[in-house]
Amino acid sequence: MRTAIGVDVGGTFTDVVVASPAGTVIAKAPTTPDDQSRGALDGIARAAAALGLDTKTLLAATGRLVHGTTVATNALLEGKGARVGLLTTAGHRDVVAMREGLKPDRYDLRMKPPVPPVPRARRCGVVERIGPDGAVLTPLDPASLDAALEALAAAEVESVAICFLHAWTNPAHERIAAEAARQRLPGAYVTLSSDVLPVIGEYARFMTTVANAEVGPVVSAHLARLERRLREAGFAGQLDIILSHGGVASVAEASRLAAATALSGPAGGAAAAEALARLGAGADLVGFDMGGTSTDIALVSGGTAARAGERSVGAARIALPSLDIVTLGAGGGSIARINAAGLLQVGPESAGAMPGPACYGRGGTEPTVTDANLVLGRLGEDFAGGRLDRAAAETALATLGARLGLDAVQAASGVVRVVDARMADGIRVATVRRGIDPRGYALLAFGGAAGLHVSAMARDLGIGRAIVPLAASVLSAWGMLASAPRAEVEQSFGVDLSRLDPGALAEAWTRLERLAAERLGQDAPTLTRSAGMRAGEQVFEIAVPLTPFDWSAHGLAARLAEAFHVRHEFLYAWAPRGQDCVLTTLRVAATGALPAPPAPPSAAATRPVTRRRVWLDGWQDVPVHALDGLAADTALRGPALLESPTTTVLLAAGDSTRRDPGGWLEIFVGA
């Protein structure tokens with residue numbers, strides 16, 4: 001067994017998991033927003049020290065390093081991506097401005113239209129036209145292309161998105177334009193819609209390609225810098241990047257499809273939930289990942305994380321395959337303020353890594369959730385390798401409370417209640433609003449802050465069982481090491497099943513499977529098929545899994561229609577039987593061998609039980625146990641705290657827990 005390292009960059013901390021022959025160790029280091037590679041190397045150095053090694057020795061022994069990054073997410077949310085120019089078919093440069101004719105909130109008469117991601121001056125039309133059947137209706141005009149590129153050069157663009165009409169069916173013109181752009185704009189990042197998203201739907205295809213162009217240069221630069229520094233530090237192994245769909249890819253592939261890293265970090269948490277399901281934690285889990293900046297919620301049903309085909313990140317719309325993750329601006333660093341209505345509000349703004357919560361002693365003065373938990377005694381003053389400043393937290397909460405007529409403790413209690421309510425509502429969005437009863441699921445709590453809130457979450461939602469892994473504070477990084485290489489490709493097909501040509505369908509599947517295997521770059525991958533389908537009267541398609549499916553039997557069209565109806569009924573409790581059924585999109589996923597999940601962190605030496613005053617609707621003296629020193633099958637009852645250097649779990653009165661031999665706490669939530 002060679003050593004493997006998982007590195008997850010969050011908004012506040014960079015988490016590191018090292019799985020080596022000597023055991024599994026974890027480490028956390030402050031994130032360095034100006035250059036995430038520095039925080040990654042800092043975290044690796046801390047993990048090496050925990051193993052009694054220097055960084056060079058550890059990296060030299062490492063065969064694989066998996067990295068999750070927030071570079072793309074931050075660039076999209078903060079508007080700090082590359083300066084993008086758009087080449088499109090003449091007469092269609094306003095697709096990104098007209099959108100689909102809909103407003104985000106159709107009943108808000110005062111809502112201003114969203115600002116297009118590329119200003120009109122940098123959207124250039126090129127004379128060319130390809131029809132929906134792939135036929136060339138108007139040849140690409142070289143003079144028109146030269147003029148458009150000259151305009152983009154004058155605008156000093158750093159990245160070029162090429163989105164021609166119907167390029168999904170014939171990419172010839174886009175490829176000619178791409179070659180010309182690389183020659184005229186050397187050093188610019190060039191991305192084609194026919195490479196990024198070759199499917200019907202101009203707006204989604206244009207927006208996804210533009211998002212890829214916006215984040216491509218910054219993601220590529222970050223990954224190149226990280227790889228260079230790792231090599232200089234002695235790493236000679238394989239560097240993988242986890243993508244939004246939960247699989248990993250090479251640096252080259254992640255740089256090419258940079259928009260697919262927008263959910264890179266949270267995808268590691270969903271992958272961890274799937275791995276824990278395989279280890280016996282339960283097949284139906286609600287992943288509740290509360291870190292320093294955000295809370296990410298992912299649903300695992302039958303051992304498989306739910307997936308989505310489209311997401312919004314800030315103003316960007318990304319229609320690439322991804323895990324279905326609900327993200328809230330609610331974390332340990334979320335700032336508590338009084339809003340314009342005079343009400344207490346927590347988040348979405350975060351204190352981040354710098355200056356961080358007031359109690360971190362880095363210059364922060366605004367009260368956060370972490371400050372509130374410290375004032376309430378739920379957090380100890382020694383945390384994540386540092387010493388928390390309780391006096392600074394009390395001052396921040398007292399200042400907030402004074403505006404509400406409350407003292408520091410009452411204000412802190414209010415902050416915790418508000419953030420708990422926000423997170424519970426987020427879980428309802430991922431479950432109840434989609435027709436799923438969360439009471440049939442276990443609540444899987446991870447991230448550095450989740451353990452303090454898991455009992456309240458479970459009670460609010462009526463969930464009777466919760467799970468906290470021993471590696472909870474770094475579980476996303478742990479899950480990255482259990483993620484398989486994965487490549488997903490798709491292609492519009494667009495045929496009514498009553499006119500289906502089985503031969504043409506088989507040829508299309510074969511072509512996609514070959515492309516997926518080529519992009520994965522591994523021998524004998526596992527190939528899975530799915531399709532986008534809709535009823536003839538519908539506008540939107542749904543994803544229909546088609547693995548396993550008997551493709552050799554007669555009546556192919558009827559059986560595809562039945563698969564669609566079964567899936568539609570599962571999602572919406574009814575099926576549009578009797579209507580024509582349309583096969584719109586073919587999708588293939590190629591997956592490599594699934595790595596074994598890393599062992600849980602090595603148990604620490606047993607420490608004596610201490611006691612601490614904790615606010616639980618009044619001050620109580622509660623026992624404090626060492627979370628990382630509990631023996632397997634140890635049973636405890638609340639109220640109690642279980643502490644490790646990087647996370648704390650709060651058991652309320654009526655809760656009971658035991659440590660499972662698999663490496664997690666199982667909590668049975670009292671009424």
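Student: What does the side chain of threonine 657 reach, and at what distance?
Tutor: The side chain of threonine 657 reaches the backbone oxygen of glutamate 666 at 2.9 Å, where a polar contact is a pair of N or O atoms within 3.5 Å, within protein one of them able to donate a hydrogen and the other to accept it, and residues adjacent in sequence count only if both atoms are side-chain atoms. This is a predicted model, in which local features need pLDDT of at least 70 and side-chain atom pairs count only at pLDDT 80 or more, while totals for chains, interfaces and linings use all residues. Residues are numbered from 1 along each chain as its sequence is written, and side-chain values use heavy atoms, with hydrogens and water left out.

Student: Where does threonine 657 lie, and is it buried or exposed?
Tutor: Threonine 657 lies in strand S36, residues 656-660, with helices (H or I, at least four residues) and strands (E, at least two) taken as DSSP runs numbered from the N terminus. Threonine 657 counts as buried at 3% relative accessibility, given that buried means under 20% relative accessible area, exposed over 50%, and partly exposed in between, with a 1.4 Å probe and protein chains only.

Student: And which residues does threonine 657 touch, not counting those up to four places away in sequence?
Tutor: Threonine 657 touches Thr634, Ala635, Leu636, Leu651, Leu665, Glu666 and Ile667, contact meaning heavy atoms within 4.5 Å.

Student: Staying in that part of the chain, which residue forms a salt bridge with arginine 658?
Tutor: Arginine 658 forms a salt bridge with aspartate 660, and their closest N and O atoms are 3.0 Å apart; the term stands for a side-chain nitrogen of Lys or Arg within 4 Å of a carboxyl oxygen of Asp or Glu. Salt bridges that share partners join Arg465, Asp633, Arg658, Asp660 and Glu666 into one network. Arginine 658 is partly exposed, with a relative accessible area of 26%, whereas aspartate 660 counts as buried at 14%.

Student: How many salt bridges does the structure hold?
Tutor: The structure holds 39 salt bridges, and one of them brings together the side chains of arginine 337 and glutamate 366 at 3.0 Å, N to O. Arginine 337 lies in strand S21 (residues 334-338) and glutamate 366 in the loop between strand S22 (344-350) and helix H11 (369-375), so this pair ties together parts that are 29 residues apart in sequence. Arginine 337 is partly exposed, with a relative accessible area of 33%, and glutamate 366 is partly exposed with 34%.

Student: What about glutamate 78 and lysine 80, how far apart are their closest N and O atoms?
Tutor: The closest N and O atoms of glutamate 78 and lysine 80 are 3.5 Å apart, and the two residues form a salt bridge. Glutamate 78 is partly exposed, with a relative accessible area of 48%, while lysine 80 counts as exposed at 57% relative accessibility.

Student: Switching to rings, how many aromatic pairs are there?
Tutor: The structure holds 4 aromatic pairs, where rings of Phe, Tyr and Trp (its six-membered ring) pair if their centres lie within 6.5 Å, with planes under 30 degrees apart counted as stacked, over 60 as edge-to-face and the rest as tilted. The rings of tryptophan 509 and tryptophan 551 have centres 5.7 Å apart and planes at 65°, so that pair is edge-to-face.

Student: Which parts does that pair tie together?
Tutor: Tryptophan 509 lies in helix H16 (residues 502-520) and tryptophan 551 in the loop between strand S29 (542-545) and H17, so the pair ties together parts that are 42 residues apart in sequence. Tryptophan 509 is buried, with a relative accessible area of 2%, whereas tryptophan 551 counts as partly exposed at 25%. Ring pairs link Trp509, Phe549 and Trp551 into a cluster.
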